[in-house]
Number of protein chains: 2
Amino acid sequence: MSISQEKFKQMLKEKGLKVTNQRLLVLEVLAAHRDRHMTAEDIYELVKEDYPEIGLATIYRTVQLLLEMQLVDKINLDDGCVRYEIGEANDGEGEPHHHHHHLICKTCGKVFPFRDDLLDGLERHIEEETGFHVLDHELKFYGQCKKCRKK
Amino acid sequence: MSISQEKFKQMLKEKGLKVTNQRLLVLEVLAAHRDRHMTAEDIYELVKEDYPEIGLATIYRTVQLLLEMQLVDKINLDDGCVRYEIGEANDGEGEPHHHHHHLICKTCGKVFPFRDDLLDGLERHIEEETGFHVLDHELKFYGQCKKCRKK
DNA sequence: GTGATTGCAAACTTTTTGCATCCGA
DNA sequence: TCGGATGCAAAAAGTTTGCAATCAC
C-alpha cells in the first residue's frame with residue numbers, strides 16, 4: 001500500500017467522505033501507471049479488470065475528487081480528451097506544483113516528460129511585475145522527437 | 001486591409017485553394033479581436049453579423065486551415081472548448097512561435113497575457129539534452145490575479 | 001439507519017462528417 | 001465547366017447529470 005493511498009484515505013475521512021473500493025482502485029490504477037497519461041476511458045478499462053461493475057461516471061466523479069484534493073494533475077494533449085496523472089510530490093513531500101513538462105511529437109504523437117525548474121524564477125518575476133499570484137503551471141513543447149527527425 | 005489578409009489570399013492561391021468570403025471573414029474577425037481568446041462559437045456569432053448564412057462547420061473548417069497555415073494559434077483554457085487567436089508574428093515578420101503566455105485566474109476566470117522570451121534558452125537546452133526538436137510551445141500559469149487577491 | 005456513493009441511462013456540449021448544392025477560378 | 005467549398009443535418013466523442021438502488025459508517 002502506497003503512501004498516497006494512506007494519505008487519500010485519511011483525506012477522505014477528514015472531509016467526511018467515504019472510503020470506497022471504487023475510489024481506491026482509481027487511485028491505484030493511476031499510481032500503477034505513473035508513466036502514462038491516462039484518459040478517463042483508460043482508467044475505466046483498467047479498473048474494470050478488478051471491478052467489472054464500475055461505471056464510467058464514477059471514474060469521472062473520482063478523478064474530479066482527486067483533482068480537488070490535488071492528488072492528481074490534469075493535462076491536455078490536444079487530442080480531444082483530458083488526461084490525468086498522479087502528482088509527483090504526492091508520494092513524498094515537496095512543493096505541490098513542481099511537476100514535469102511535456103514534449104509532444106507532432107509526427108508520431110508520443111509524449112516525453114521533461115523535468116526543469118526554470119519556471120520558478122519566472123513565476124517570481126510574474127508576481128513582481130503583474131501582481132498575479134502563481135499557484136501552478138502547465139508547459140507543453142510541440143516538435144519532433146529524435147526518432148522522427150532521423151527519418 | 002491588413003497585411004495578414006493579403007498574405008492569406010496569397011497563401012490560399014499558392015495552395016490551389018479558393019479565396020472565399022467566409023474565409024476572409026473568419027480571419028477578419030480574429031484580427032479584429034486579437035485581445036480576446038475566441039471559441040468557434042464566438043467567431044460564428046461575429047461572422048454571422050456580416051454573413052448570416054454561414055454555418056458553424058465552416059468556422060471549424062476554416063480555423064483548421066488557419067492553424068495549418070500557422071496564421072492562428074490554438075489555446076486551451078480548460079473550460080471545455082478550444083480557443084483561437086491570431087498569431088502575433090503574422091502582421092509583420094519574425095519567428096513564428098514567439099507568442100505570449102497566459103495567466104489564468106482560478107477565482108474570476110480572467111485570462112491575462114504575459115510576454116517573455118525565457119523559453120528560448122530552455123528550448124535549446126531541451127534539444128541538446130534530448131534530441132527533441134522544439135517547434136512551438138504553450139505555457140499557462142494558474143493562480144490568482146491582483147484584484148482577486150485583495151478580496 | 002442514514003446520508004453519501006454508485007451504476008445506469010439519458011442529456012448535453014463540442015466538434016466532425018456526409019452529401020447535395022453552390023460558387024470561384 | 002469543374003473541383004473545391006459551403007450549409008445543413010446527422011453523427012461522433014467526451015463528459016455531466018438525475019435518479020433509484022446500494023453501501024460505508
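Select β1(A) and strand β3 of chain A, residues 82–86: the two pair in the antiparallel sense over two bridges. The model is predicted. Within this pair, pick A:M38, whose bridge partner in β3(A) is A:Y84.

**The sheet in chain A**

Move to chain B. Its open sheet also has three strands in the order β1-β3-β2, and the pairing is antiparallel. Here the edge strands are β1 (38–39) and β2 (72–76) of chain B, each pairing on one side only. Select β1(B) with strand β3 (residues 82–86) of chain B: two bridges join these antiparallel strands.

**Two domains in chain A**

Return to chain A and colour it by domain. The domain assignment gives domain 1 as 1–97 and domain 2 as 98–151. Taken over C-alpha atoms, the centres of the two domains of chain A are separated by 23 Å. Their contact takes 12 residues from domain 1 and 14 residues from domain 2 of chain A.

Now look at the boundary itself. The two domains of chain A bury about 1,200 Å² between them, and 46% of it is on carbon and sulfur atoms. One salt bridge is found across this interface. Select A:D78 and A:K140, which form a salt bridge with their closest N and O atoms 3.5 Å apart. Between domain 1 and domain 2 of chain A, the count of residue pairs in polar contact is four. On the side of domain 1 that touches domain 2 of chain A, β2(A) gives the most, with four residues. By class, that side of domain 1 of chain A has three nonpolar, three polar and six charged residues.

**Where chain A meets chain B**

Show both chains and select the residues at their interface. In chain A, 35 residues are in contact with 35 residues of chain B. About 3,200 Å² is buried between chain A and chain B, 68% of it on carbon and sulfur atoms.

Two salt bridges are found across the interface of chain A and chain B. Zoom in on B:K140 and A:E138, which form a salt bridge; their closest N and O atoms are 3.9 Å apart. Between the two chains the count of residue pairs in polar contact is 10.

Next, select by element on the chain A side. Those giving two or more residues to the side that touches chain B are β2 (72–76), β4 (101–105), β5 (111–114), α5 (119–130), β6 (133–144) and α6 (146–150) of chain A. β6(A) gives the most to that side, with 12 residues. The residues on the side of chain A that touches chain B divide into 16 nonpolar, eight polar and 11 charged.

**The strand pair between the chains**

Conventions: Residues are numbered from 1 along each chain as its sequence is written. Chains are lettered from A and ligands numbered from 1 in the order in which they are written. This is a predicted model: local features need pLDDT of at least 70, side-chain atom pairs count only at pLDDT 80 or more; totals for chains, interfaces and linings use all residues. Side-chain values use heavy atoms; hydrogens and water are left out. Contact means heavy atoms within 4.5 Å. Buried area is the accessible area (1.4 Å probe) that two parts lose on being put together, summed over both. A salt bridge is a side-chain nitrogen of Lys or Arg within 4 Å of a carboxyl oxygen of Asp or Glu. A polar contact is a pair of N or O atoms within 3.5 Å; within protein, one must be able to donate a hydrogen and the other to accept it, and residues adjacent in sequence count only if both atoms are side-chain atoms. Ala, Val, Leu, Ile, Met, Phe, Trp, Tyr, Cys and Pro count as nonpolar, Asp, Glu, Lys and Arg as charged, and the others, Gly among them, as polar. Domain bounds come from an automatic or database domain assignment. Two strands pair if DSSP finds at least two bridges between them.
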